[in-house]
Amino acid sequence: MGLASGGLVSLRYGTEAESVAGTRRLMEEALRRWSIHSSRDDVVLVATELVTNAIRHALRDPAERGWLAIGLRGTGVICAVTDPSADPPVISPPHLVAESGYGLHIVEQMSEAWGHFVMADSGKVVWAQIPVAAAQPATW
């Protein structure tokens with residue numbers, strides 16, 4: 001886990017259940033240090049959904065890892081998740097009785113913008129920008 005100076009934070013994640021809990025802890029600490037109170041739950045939820053989707057759909061081997069990076073940019077927080085798969089994220093039609101499959105629907109609803117791009121060397125980045133009240137990065 002890395003709490004960098006200024007407005008950028010990163011976390012290496014894997015397939016372990018602790019990865020999602022670690023994402024939540026990192027997000028909550030970063031947002032607290034950035035004095036972001038509005039939309040805090042939205043930002044944490046979007047980040048955990050992006051990491052969960054990567055774990056479920058892109059990390060095919062327990063040894064594979066990805067990165068979560070979050071940055072403060074003006075009146076938004078940008079969450080970016082890398083994974084080793086070049087397959088694009090796909091929003092599936094919702095199933096009313098399904099207990100899962102809503103992750104990208106949540107990301108789409110809570111973000112002012114989101115998308116993905118394939119990296120030149122391998123894998124992809126899925127990102128989302130969530131609006132928040134303007135804040136200043138804390139001095140670490």
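Visitor: How many salt bridges does the structure hold?

Guide: The model is a predicted one, and the structure holds six salt bridges.

Visitor: What makes Arg65 and Glu16 a salt bridge?

Guide: The closest N and O atoms of Arg65 and Glu16 are 2.8 Å apart. The term requires a side-chain nitrogen of Lys or Arg within 4 Å of a carboxyl oxygen of Asp or Glu, so the pair of Arg65 and Glu16 qualifies as a salt bridge. Arg65 lies in the loop between α2 and β3, and Glu16 in the loop between β2 and α1, so the pair ties together parts that are 49 residues apart in sequence.

Visitor: Why is Arg65 called partly exposed?

Guide: Its relative accessible area is 31%. Buried means under 20% and exposed means over 50%, so Arg65, with 31%, is partly exposed. Glu16 also counts as partly exposed, because its relative accessibility is 36%.

Visitor: What separates Arg33 and Glu29 in helix α1?

Guide: Because they are four residues apart in helix α1, Arg33 and Glu29 are separated by about one helical turn. Their side chains meet in a salt bridge, at 2.5 Å from N to O. Arg33 is partly exposed, with a relative accessible area of 29%, and Glu29 is partly exposed as well, with 22%. Glu29, Arg32 and Arg33 are linked in a network of salt bridges.

Visitor: How do you know that Asp83 forms a salt bridge with Lys124?

Guide: The closest N and O atoms of Asp83 and Lys124 are 2.9 Å apart. The limit is 4 Å, and therefore the pair of Asp83 and Lys124 is a salt bridge. This pair links distant parts of the chain: Asp83 is in strand β4 and Lys124 in strand β6, 41 residues apart.

Visitor: Are Asp83 and Lys124 buried or exposed?

Guide: Asp83 is buried, and so is Lys124.

Visitor: What makes β4 and β6 a pair of strands?

Guide: Two strands pair if there are at least two bridges between them. β4 and β6 are joined over eight bridges, in the antiparallel sense, so they count as a pair. In the hairpin of β3 and β4, two residues stand between the strands, and Gly74 takes a positive phi near 60 degrees.

Visitor: Why is β4 described as mostly covered?

Guide: Seven of the eight residues of β4 are buried.

Visitor: Why is Ser19 called buried?

Guide: The relative accessible area of Ser19 is 8%. The cut-off is under 20%, so Ser19 is buried. Ser19 is placed in helix α1, and among the residues touched by Ser19 are Leu11 and Ile55.

Visitor: What makes Leu104 count as buried?

Guide: Leu104 has 9% relative accessibility, and therefore counts as buried. Leu104 lies in helix α3 and touches Asn53, Pro89, Val90, Ile91 and Trp114, not counting residues up to four places away in sequence. Leu104 and Pro89 are 15 residues apart in sequence and 8.1 Å apart in space, C-alpha to C-alpha.

Visitor: Which residues have the most contacts inside the largest nonpolar core?

Guide: They are Trp34, Ile70, Val77 and Cys79, in a core of 30 residues. The helix α2 gives the most to this core, with eight residues.

Definitions and conventions:
Residues are numbered from 1 along each chain as its sequence is written. This is a predicted model: local features need pLDDT of at least 70, side-chain atom pairs count only at pLDDT 80 or more; totals for chains, interfaces and linings use all residues. Side-chain values use heavy atoms; hydrogens and water are left out. Buried means under 20% relative accessible area, exposed over 50%, partly exposed in between (1.4 Å probe, protein chains only). Contact means heavy atoms within 4.5 Å. A nonpolar core is a set of buried Ala, Val, Leu, Ile, Met, Phe, Trp, Tyr and Cys residues joined through side-chain atoms within 4.5 Å.
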